[in-house]
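User: I'd like to learn how to read a protein model on screen. Could you walk me through one, feature by feature?
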Amino acid sequence: MLFSSCKSIIFEVKYIIMSTLKDNEIPIFFATDDNYAPFLTVCLKSMLANASKDYFYKIYVLTTNLDPKLQGRIKQSLTPNSTIEFISLKNELDKIQDLFHLRDYYSKETYYRFFVPDLFPDYDKVLYIDCDTIILGDVAQLYNTDVKDYFVAAVEEEVMQTFDVFGTYVEKFLGVPRKQYFNAGMLLINNKRFLKFKIAEKFVELSKQYTFRVTQDEDYLNVLCKNRVKWLDLGWNKTSYKNPEFDDKDLKLIHYKINWKPWHYANTLYEEYFWEYAKQTDFYEEILAMRDSYTQELKDRDQMQYERLVKMAEEDTANPDNYWNTVSKFEESKAKGLVRINYLNLLKRLIGIKGRE
């Protein structure tokens, strides 16, 4: 009992000390709904286990209606040098939800990353990380990357390099070379640049004019950040499938996306890292049950969704009226400037719900 009390006091003292170290604070953003709360918890467990102890990690979770009980369970992954704040954007973003093009397992939370700089303008830069990841590297090292001349630091999207249908899509539909298309699941965002060039406003206007339905928010980000990306090593966003050109010793962040998810499929590459940290959370048995109860019917559905995605990419590539065919390079630059129109006031309302210091 005495030991438990002392441990609690030590924890509180460390929290107070670390909370005052503003220069050492690293802001990290996630977005989730109830369905992805277990995976966020596993991700946090891995991230904080491998992060430098010389920094204080201020974690923000953007959500719509995250169950308070789940919030409590997520908090169990915290360490003395970290805090977490849950921020609901429901009331404000419901007003523009018609702009969010959704399909399959996507939720509108995936678009929240666009608004982080406007909601938290006091930060020069922030990390944004998807929940379906395991972090083996030191996020402090990642955060300290110099991005002053870029919109984001990111990793090239492996899928576009591996599957020609998607590589052709981004080149012919978006006008982005496949080797210069990044995955948006891990972003070091330059807030100053996002605000200066009004990226959130441009996204709102662009989504009004064009529907990017294949990789959705990721497509919009790649169009808006084109030629303003600092490229990071593949190890900082490695998809969970084999790449003969990648050395596993360079693994820093594993991304379990599309149909390469250990909570649905056994024998997924790099699944051992996921289960190592899942076992350290109270979601472990539930996640294990998800995998064991994932039926062949659900796997067939996944395959159908993937085939539909391939078809979408083919259709959009072949469409003579697609985005890149419609917008010339000159018109594209001009269109990016015609952004403020009627959505500036709405964006100001979003800024009004900025998180507490």
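Analyst: Gladly! Two strands pair if DSSP finds at least two bridges between them. Helices (H or I, at least four residues) and strands (E, at least two) are DSSP runs numbered from the N terminus. This is a predicted model, where local features need pLDDT of at least 70, side-chain atom pairs count only at pLDDT 80 or more, and totals for chains, interfaces and linings use all residues. Residues are numbered from 1 along each chain as its sequence is written, and side-chain values use heavy atoms, leaving out hydrogens and water.

User: What is the order of the strands in the open sheet?

Analyst: In general, strands of a sheet pair through backbone hydrogen bonds, either parallel or antiparallel. Here, seven strands form an open sheet in the order 3-2-1-4-7-6-8, and the pairing is mixed. Strand 3 (82-88) and strand 8 (229-231) are the edges, each pairing on one side only. From one strand to the next, the twist averages 30°.

User: How many bridges join strand 1 to strand 2?

Analyst: Strand 1 (residues 25-31) and strand 2 (residues 56-63) run parallel and are joined by seven bridges. To find your place, look for F29, which stands opposite Y60 in strand 2.

User: Now the helices: at what angle do helix 8 and helix 14 cross?

Analyst: Axes are lines fitted to C-alpha atoms, for helices over the stretch in contact, and angles run from 0 to 180 degrees between N-to-C directions. The axes of helix 8 (residues 164-174) and helix 14 (residues 296-318) cross at roughly 35° and come within 9 Å.

User: Which residues of helix 8 meet helix 14?

Analyst: Contact means heavy atoms within 4.5 Å. On helix 8 they are V165, F166, T168, Y169, K172 and F173, and they meet Y306, L309, V310, A313, E314, D316 and T317 in helix 14. This contact divides into eight nonpolar, two polar and three charged residues; Ala, Val, Leu, Ile, Met, Phe, Trp, Tyr, Cys and Pro count as nonpolar, Asp, Glu, Lys and Arg as charged, and the others, Gly among them, as polar.

User: Is Y270 buried or exposed?

Analyst: Buried means under 20% relative accessible area, exposed over 50%, and partly exposed in between (1.4 Å probe, protein chains only). Y270 counts as buried because its relative accessibility is 4%. You will find Y270 in the loop between strand 10 (253-255) and helix 12 (271-278). Leaving aside residues up to four places away in sequence, Y270 touches K238, T239, S240, F246, D248, L251, I254 and Y256.

User: And how many of the protein's residues count as buried?

Analyst: Of its 357 residues, 56% do.
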